[in-house]
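Subject: Structure for you to look at

Hello,

Here is the structure I promised. Please open it first, then read my notes below.

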Amino acid sequence: MSGPRPLPREEALLLGPPQWRHACHALLYAPCPHRLFGKIPLRFAVLMQMRFDGRLGFPGGFVDPQDASLEAGLNRELREELGPGVAFLHVDEGDHVSSHASEKPQRVVAHFYAKRLSLEQLRTIEDHATHAKDHGLEAMGLVRVPLYTLRDGVGGLPAFLNNNFVSIARDQLVHALETLELVPREHLQKAVVAAQKCLCVPSAGTSSSRVL
Ligand code: APR
Ligand code: MG
């Protein structure tokens, strides 16, 4: 096997211990009516987190043998990493987006979920995240993903995409932004191309704070 291989959830469940471990991560998002600088529409608030390894990823983690299901493991991990603000949250099988099997550096099946919240619910999670058991340990803080591209063609989503992401988290993000229609397809494609073309040193001055 070369890179991560996509496979249906049912097929993924056939890959069991001790050879395979399963990990589940979730993209939490909410419609957001606010405008940056009073003019650039934010559209949605999308959460990622800085991890203990200095990379960006989604909250979640390894499913334990004691977990009753993948989703039980995911909800446990979300409580550990996001804290009391997710008491109301239950990610279930219907929120499953994709599964990928990787052989290197270790045999892991990565399951990905997406859950739409209200902005108030998302704010509650952000407000409580510093009280999580793992805060400052495995979880170093939540960030929102900028979904716009500034007029310099780099600031915003293209620059964000040039961060260092764990495993396939970047692909999961881009795929989710497209399929959940969080960014218009044309804007997303341009942002991905802009990210590839440059190493994103944002230009100084006012031009970088204007939207395309
Ligand atoms: N998509 C796919 N795979 C991911 C993603 C993602 N978005 N995020 C992380 N992974 C991979 C990681 O590379 C890792 O192999 O899934 C596995 C587990 O995810 P983590 O969130 O890192 O696991 P977690 O249980 O939260 O805690 C990390 O794992 O490596 C150990 O000792 C380390 O205690 C630590 C724990
Ligand atoms: Mg984790």
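**Two packed helices**

Helix α5 (residues 169-179) and helix α6 (residues 185-197) pack at an angle of about 155°, with axes 9 Å apart. Axes are lines fitted to C-alpha atoms over the stretch in contact, and angles run from 0 to 180 degrees between N-to-C directions. α5 and α6 are therefore roughly antiparallel (an angle over 145 degrees). R170, V174, L177 and E178 of α5 meet R185, L188, V192 and A195 of α6 in this contact (heavy atoms within 4.5 Å). These residues divide into 5 nonpolar, no polar and 3 charged. Here Ala, Val and Leu count as nonpolar, Glu and Arg as charged.

This is a predicted model: local features need pLDDT of at least 70, side-chain atom pairs need pLDDT 80 or more, and totals for chains, interfaces and linings use all residues. Residues are numbered from 1 along each chain, chains are lettered from A and ligands numbered from 1 as written, and side-chain values use heavy atoms, without hydrogens and water.

**Helix α2**

Helices are DSSP runs (H or I, at least four residues), numbered from the N terminus. G83 follows α2, with a positive phi near 80°.

N75 sits in α2. Is N75 buried or exposed? N75 counts as buried because its relative accessibility is 6%. The N75 side chain reaches the backbone oxygen of E71 at 2.8 Å. Beyond its neighbours within four places in sequence, N75 contacts L89, H90 and V91.

Best wishes

How values were computed. Parallel < 35°, antiparallel > 145°, perpendicular 65-115°, else oblique. Buried < 20%, exposed > 50% of the residue type's maximum accessible area, 1.4 Å probe, protein only. Polar contact = N/O pair within 3.5 Å; in protein donor to acceptor, adjacent residues only side chain to side chain.
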